[in-house]
Amino acid sequence: MPFIDDVTRVYEAVEEVSPGEALAIRGKSYFEGGDKAHSAGFQKQFEVAQSARILIMTSAMYRRTLDNGSYENDLSTYRGQFEMRDDVRHVLVDESLDFVRYHSIKKSELQELLTTVESAVFNDRIATDNAGLAKLSFKAFKDAADGLLGAVDRMDKRICEAITLMPVLPTYRLSPTLLRSVRARLGFDVEAKMRSVEYLVSQGGRVEYGQRRKVDDQYETDLKQGAVFEPHLVAVELAVASIAKYPTVFLDATCAIDMSYRLIPGISFLLPESPLFTYENLEIVVCGNQTASRNWSNNVRNLERLAKFIKEDVSKRFDKALVTTYKGTSLDRLTQLLGDTQGVEVIPNASGRGSNAFADFNTIVHAGTALPGAVTQITRADRYYDEIDGRFSQDKKLGIRFEDPRVQALQANQIAVLTAQLIGRLRPNRRQDEVVTLHLNLPDESVALLQDFFPGCKVTHRRLLGSNQTNPNLVALESLLESYEGNELTKRAIYTHLQIEPGSWSRFLKRTPEASKLLKVDGWVDKRTKYIKQD
C-alpha cells in the first residue's frame with residue numbers, strides 16, 4: 001500500500017470479514033515503549049508472520065524487507081497456524097515500486113566510513129569467537145575500498161560529466177560476519193553504505209565531480225576562493241530479481257506509459273481495449289517561459305512572483321487550489337508567502353501518489369518535479385541502453401540538459417508519469433466540472449505522453465505568470481505578443497516595438513534566451529525576416 005494509513009484501513013477491513021487472518025507489518029516507530037520494547041515488538045511480527053494468511057504493508061516496507069532479506073526468510077511463505085502448509089505468497093502491489101536500488105557515496109563519506117567501521121571492529125571490548133574473523137574481513141573491505149579510491153584518483157577530473165567507473169574487484173563480496181558486527185554496533189545505515197561500496201567495487205558505476213558543500217549547505221572554497229570539487233560515486237542496481245521471484249500483480253494506472261516496467265523481463269499488461277474515460281473537462285496549461293528547476297524554485301524573487309500570481313489570479317478563479325513545489329526551502333518560503341490565502345494548500349511535490357485527499361480541489365499549480373540528480377539519471381539510463389554519453393550541461397534558468405537524447409527522454413518519461421499521478425489527485429474522471437492544472441514548464445515529450453494518458457484533454461500554452469519580468473525588453477515583447485492578432489509578425493515590427501537596433505536582434509536572443517522561449521510558447525517560427533504563427 002502507498003501509505004501507512006492505507007495499511008491500517010485494509011487491515012481493519014480484513015479483520016471485520018475474517019478475524020485473525022491478517023497481519024499488518026509496521027515500522028519500529030509504531031511500537032511504543034523503550035528501545036527494547038521497540039525492538040521486541042518490531043521483531044515479533046516477523047516471527048509470527050508465516051502463520052498469517054494475509055500480510056499488509058507499505059510499498060516502502062516491502063522494498064526494505066526485499067533488500068535486507070527478511071521478506072524471503074520470514075514473510076514469503078504461508079505455513080498456516082500449525083505449519084502444515086508451505087505456500088508461496090502472491091504479492092499485490094497498489095501503485096508501483098522503484099525497480100532499482102541506488103548506491104551513492106562521496107569520497108569524503110567513504111573515507112569517514114572506513115574510519116568509523118575500523119574503530120568499531122578493532123576497539124570492540126566484547127570478546128567473541130567471531131571477533132578475529134571480523135577484523136580480517138574488515139582488512140579485506142578496506143583493501144577493496146582503497147582500490148576503489150585509487151581508481152577514482154586516477155581519473156581525469158571532468159565537470160558536468162558522469163564518468164564511467166569500471167569494476168575494481170568483480171569477485172569481492174562482503175563478509176556476513178563483518179556485516180553482523182557492523183549492524184549490531186553501528187546500525188543499518190552504516191551497513192547500507194558498506195553494501196554500496198561492495199556494489200561499486202564489484203560492479204562499477206559512475207563518478208561525478210561536484211562542488212563540495214559545508215555543513216550549512218554553502219559551497220566550500222579554497223584559499224583563493226576557488227571551488228572545491230569532490231568525487232561522487234553512484235551506481236544503480238536492478239532490484240528486479242528479488243521482486244520477480246514471487247508472483248506479483250501491480251495495480252498502477254500509469255503502467256502503460258511508465259518506462260520503468262521495461263526493466264522487468266516477461267512482464268505482461270492487462271489494459272482496457274479502449275479508454276475508460278474521456279477528459280474533456282481537463283485543461284492542462286503549460287507555461288513555457290518559466291523554468292521548473294529546484295534552483296529557480298529556491299529563488300526568493302521567483303517565489304514572490306509565484307505567490308503573487310496565486311493570490312491575485314488563481315485564488316480568485318478557483319475555490320480550492322493545490323500548490324506543489326520542492327520539499328525544503330522552496331516549500332517553506334512559498335508556504336510563508338501565501339500565508340492564510342483562502343482556498344490554497346501547499347504540499348511537497350513528491351507526496352500523495354494515489355491519494356484521494358484532493359478530489360474536491362479545482363486546480364493544481366505544479367512548480368517543478370522532484371527527480372534524482374544528473375549523475376543518477378545517467379547511471380539509471382545505463383540499465384536501459386548501452387554506451388550512454390555521460391555529459392550534461394547546467395543552466396540556472398533551464399535546469400539540466402543531457403547530451404544523450406536517450407537520457408533526456410527517460411527523464412521526460414519520469415516527469416510525465418509523476419505529473420499524470422499528480423493530475424490524478426484531482427480525480428478528473430469522477431467529476432463533470434472543469435479541472436485545470438497549471439505547470440511551470442513541462443518538456444514537449446512529457447506533454448505528448450500526458451495527452452495520450454488523458455484522452456480528450458485540452459492542452460494550452462501560455463505565459464503563466466504574466467508580465468513578471470524585470471527586463472524591460474522582455475516586458476515589451478510579452479505585451480506585443482499578447483496584443484498581436486495576426487499570423488505573420490515581421491522582425492521590423494519587433495525592433496520598433498522593443499526600440500532596439502535591427503542588427504542587435506541576434507545578440508539580444510543570445511543574451512536573453514527567455515525571449516526565444518516566449519516566441520516558441522506562442523507558436524512563432526523564425527522565417528528569416530519574419531515570424532510565422534503555427535498552431
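Author: What follows describes the sheet, strand by strand and then helix by helix. This is a predicted model, in which local features need pLDDT of at least 70 and side-chain atom pairs count only at pLDDT 80 or more, while totals for chains, interfaces and linings use all residues. Residues are numbered from 1 along each chain as its sequence is written, and side-chain values use heavy atoms, with hydrogens and water left out.

The open sheet is formed by six strands with parallel pairing, in the order β13-β12-β14-β17-β11-β18; strands are DSSP runs of E with at least two residues, helices are runs of H or I with at least four, and both are numbered from the N terminus. Two strands pair if DSSP finds at least two bridges between them. At the edges lie β13 (344-348) and β18 (458-461), each of which pairs on one side only, and from one strand to the next the twist averages 20 degrees. Strand β11 (residues 282-287) runs parallel to β18 and is joined to it by four bridges, with Val-285 standing opposite Thr-460 in β18.

Helix α12 (residues 329-338) packs on the sheet, where it touches β12 (321-325) and β13, and its direction makes about 170 degrees with that of β13. Contact here means heavy atoms within 4.5 Å, and angles run from 0 to 180 degrees between N-to-C directions, the axes being lines fitted to C-alpha atoms, for helices over the stretch in contact. Helix α14 (residues 405-424) also packs on the sheet, touching β11, β12, β14 (363-366) and β17 (435-440), and its direction makes about 150 degrees with that of β14.
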